[in-house]
Amino acid sequence: MSYPAPLLSFSETKLLLHGLWAAKPTFTEKDYPTFDGKVVIITGGNTGVGYETAKSLAGSTNAKVYIFSRNEEKTFAAINRLQAEVEKEYGKSEADVHFIQADLSDLSTIKPAVEKFLSLEDRLDIIIHNAGVMLSILGQTTAQNHELHWGTNALGPHLLQKLLDPILIKTSKTNKKGESRIVWVSSSAQFWAPKGGVNWDDIDNKDCTNSQYIYGQSKAMTIMQSITWPKKHPEATNVISSSLCPGLLKSELQRDSSFAVKLMSHFFSHQRYGAYTELYAAFSSEITNGAHSVAFGVPGMIREDIKTDTANHERVWDLLEQHVQDFI
């Protein structure tokens with residue numbers, strides 16, 4: 001059984017297809033702050049868009065970058081490659097990039113990861129919630145038996161953010177307004193989500209046969225997190241929380257997708273462009289709380305029912321809060 005998304009307006013349809021003709025990025029390394037003494041976390045920074053984001057940060061700023069990812073061997077190999085590419089592409093002899101192990105599909109790994117980070121650092125300026133799964137095989141679940149998409153794309157990041165809130169908010173009080181940021185990587189798949197963004201009759205989608213709707217639901221939840229976070233943290237006046245769709249990109253996210261999606265991905269843009277979307281959200285002065293960016297660093301649109309249903313935002317937040325309590 002599938003759960004069709006609402007019919008889209010012309011402007012929403014246009015934005016859904018935006019990635020096919022998105023202009024080249026204009027907000028790039030030349031526009032980034034030096035970020036001396038600052039600390040950034042990127043989840044999933046060992047592959048795809050996350051890797052390109054980590055590399056751009058390491059090459060063009062002086063930030064200290066932490067990659068949170070699940071595969072130690074793969075991440076250290078990625079960091080070694082990143083070091084070489086930073087030297088070649090940016091002429092910088094050393095990239096300040098580090099690894100902490102965490103698996104967003106297993107909530108039990110997240111608190112130990114945060115504890116390790118806090119033992120090494122006394123500040124956090126930006127977190128980019130980049131890691132996720134896309135269009136995976138139906139029926140897969142997280143370690144805690146939640147449907148894989150929303151369990152990894154929304155629930156895992158919710159716990160990670162909750163545990164990092166104290167240090168992020170503390171750091172923000174020493175930063176300029178808007179210098180501290182939370183970047184929630186969503187997707188234009190929000191337009192595939194069921195009405196209101198979530199199918200509350202079947203949250204784990206046990207009766208759904210369309211992975212597009214399931215993935216879209218998880219990314220709609222991510223957008224709701226980005227909108228709701230500032231409301232839940234009124235004391236964090238210096239923090240900006242926003243969401244984005246990085247663009248139509250060749251990425252390891254397609255590793256579990258259908259043959260058709262993998263075939264289409266050959267026509268997509270390089271992950272480097274997606275990194276420009278993420279870093280636009282991280283650094284641009286145009287970004288405000290609840291904003292949504294699209295490829296490759298321009299303002300975007302949230303589907304109207306997902307954006308405006310604040311009661312549903314509260315319901316999503318309460319659901320996530322409920323499921324992370326045992327892992328605080």
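**A predicted model, helix by helix**

Visitor: In which helix is E52 found?
Guide: This is a predicted model, where local features need pLDDT of at least 70, side-chain atom pairs count only at pLDDT 80 or more, and totals for chains, interfaces and linings use all residues. Residues are numbered from 1 along each chain as its sequence is written, and side-chain values use heavy atoms, without hydrogens and water. Helices (H or I, at least four residues) and strands (E, at least two) are DSSP runs, numbered from the N terminus. Residues 48-60 hold E52, and they form helix 2.

Visitor: Is E52 buried or exposed?
Guide: Buried means under 20% relative accessible area, exposed over 50%, partly exposed in between (1.4 Å probe, protein chains only). E52 has 7% relative accessibility, so it counts as buried.

Visitor: Which residues is E52 in contact with, leaving aside neighbours within four places in sequence?
Guide: Contact means heavy atoms within 4.5 Å. With those neighbours left aside, E52 has contacts with H270, Q271, R272 and A275.

Visitor: How many of the residues of helix 5 are buried?
Guide: Helix 5 spans residues 148-172. It is mostly covered, and the buried count is 22 of 25.

Visitor: Where is the kink in helix 5?
Guide: The bend at a residue is the angle between axes fitted to the seven residues ending there and the seven starting there. Here the kink is about 50°.

Visitor: Is helix 5 roughly parallel or roughly antiparallel to helix 6?
Guide: Axes are lines fitted to C-alpha atoms, for helices over the stretch in contact, and angles run from 0 to 180 degrees between N-to-C directions. Under 35 degrees counts as roughly parallel, over 145 as roughly antiparallel, 65 to 115 as roughly perpendicular and the rest as oblique. Helix 5 and helix 6 (residues 211-232) pack at about 20°, with axes 8 Å apart. That angle is why helix 5 is, to helix 6, roughly parallel.

Visitor: How many residues in the contact of helix 4 with helix 5 are nonpolar?
Guide: Helix 4 (residues 110-120) packs against helix 5 at about 30°, axes 10 Å apart. Among the contact residues are V114 and F117 of helix 4 and L160 and L164 of helix 5. Ala, Val, Leu, Ile, Met, Phe, Trp, Tyr, Cys and Pro count as nonpolar, Asp, Glu, Lys and Arg as charged, and the others, Gly among them, as polar. One contact residue is polar, one is charged, and the nonpolar count is nine.

Visitor: What distance separates the C-alpha atoms of T174 and D125?
Guide: T174 lies in the loop between helix 5 and strand 5 (180-185). Along the chain, T174 and D125 are 49 residues apart. Their C-alpha atoms are separated by 9.9 Å.
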